[in-house]
Structures are given as structure tokens and as C-alpha cells.
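Please look over the sequence and the model shown here before reading on. The paragraphs after them are meant to be read side by side with both.

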Amino acid sequence: MPEYLPTILIIAVLAVICFIAVLSIIKDTSGFTHRYSVKIGGMHCEKCSSRIAAAFNRQDGVYAEVSWKDGKALVLSKDPLPELVIRKTIMGLDYTVEAI
């Protein structure tokens with residue numbers, strides 16, 4: 001057996017693991033028919049946006065992408081999402097909602 005074969009095998013296994021990891025991160029949002037653009041105040045870093053996104057993404061049927069640089073969130077939901085739920089989610093983390 002050639003001496004480089006184990007290295008090739010390890011690289012192939014790592015490539016498969018990376019591919020599976022990327023697929024698990026990508027979220028299919030085709031069933032999310034309701035879109036809300038939210039202007040958020042008080043975000044200063046990536047951790048801020050990650051906290052807000054995680055708070056929305058824990059909710060069933062809701063997905064959010066948040067940009068601290070733009071101070072905005074795109075919230076997607078499968079069913080209508082009351083404005084009060086959006087506000088409570090963000091304000092509960094000590095950020096402000098400037099506009100929905």
C-alpha cells in the first residue's frame with residue numbers, strides 16, 4: 001500500500017465532514033412566507049446580532065438574519081408574526097426596536 005494513501009483517506013473523510021456541516025447550517029426558508037424588516041438599536045458587534053438571531057431562531061416557524069453593521073434584521077416566519085412578539089424578542093435582550 002502506498003504511504004500517501006492514509007493521508008488521502010483522511011482528507012476525503014474531512015471533506016465529507018465539512019460538506020455535511022455546511023449542509024446543516026444552510027436553512028431552507030422556502031416555506032417562510034411572511035417577511036419583516038426590523039431596524040434595531042444598540043447592537044455593537046457580531047455577538048449582539050448572533051444573540052438576536054438565536055432568540056428568533058429558537059422560536060418554532062421563525063428564522064432571522066441579523067446584521068449589527070446595518071442595524072437591521074430580516075425576520076421570516078411561516079405564519080403571521082405579531083409585532084408585539086418581534087418587539088418582545090428584541091427588547092427582552094436589551095436592544096431597541098426603531099422600526100418594523
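The text below goes from the whole chain to single residues.

This is a predicted model, in which local features need pLDDT of at least 70 and side-chain atom pairs count only at pLDDT 80 or more, while totals for chains, interfaces and linings use all residues. Residues are numbered from 1 along each chain as its sequence is written, and side-chain values use heavy atoms, with hydrogens and water left out.

The chain has three helices and four strands, arranged along the sequence as α-β-α-β-β-α-β. Helices (H or I, at least four residues) and strands (E, at least two) are DSSP runs, numbered from the N terminus. Along the principal axes, the C-alpha atoms fill a box of roughly 65 × 30 × 20 Å. The radius of gyration of the chain is 19 Å, whereas a compact globule of 100 residues would have one near 13 Å. That radius is taken over C-alpha atoms, and the globule rule is 2.2 Å times the number of residues to the power 0.38.

Of the 100 residues, 29% count as buried; buried means under 20% relative accessible area, exposed over 50%, and partly exposed in between (1.4 Å probe, protein chains only). Accessible areas come from the Shrake-Rupley method with a 1.4 Å probe, and for residues only the protein chains shown count as cover. Among contacts with a separation of 6 or more, 65% join residues 24 or more positions apart, where contact means heavy atoms within 4.5 Å.

Helix α1 covers residues 5–25 and includes I17. Together with L9, I10, V13 and L14, I17 makes a nonpolar surface patch of about 490 Å². Patches are made of residues with over 30% relative accessible area and no salt bridge; like charges are joined within 9 Å, and nonpolar side chains (Val, Leu, Ile, Met, Phe, Trp, Tyr) within 5 Å.

Strand β2 (residues 62–67) holds A64. A64 counts as buried because its relative accessible area is 3%. Leaving aside neighbours within four places in sequence, A64 is in contact with A53, F56, N57, L74 and V75.

Helix α3 spans residues 83–91, T89 among them. With a relative accessible area of 13%, T89 is buried. Not counting residues up to four places away in sequence, T89 touches A55, F56 and Q59. The side chains of T89 and Q59 are also joined by a polar contact of 2.9 Å; such a contact is a pair of N or O atoms within 3.5 Å, where within protein one must be able to donate a hydrogen and the other to accept it, and residues adjacent in sequence count only if both atoms are side-chain atoms.

How many salt bridges does a search of the whole structure find? The search finds one, and the side chains of E83 and R87 meet in a salt bridge of 2.9 Å, N to O. The term stands for a side-chain nitrogen of Lys or Arg within 4 Å of a carboxyl oxygen of Asp or Glu. Both E83 and R87 lie in helix α3, four residues apart, about one turn of the helix. E83 is partly exposed at 42% relative accessible area, and R87 is partly exposed at 26%.

The loop between α3 and β4 (96–99) contains D94. Although not a glycine, D94 has a positive phi of about 70 degrees. D94 counts as exposed because its relative accessibility is 72%.
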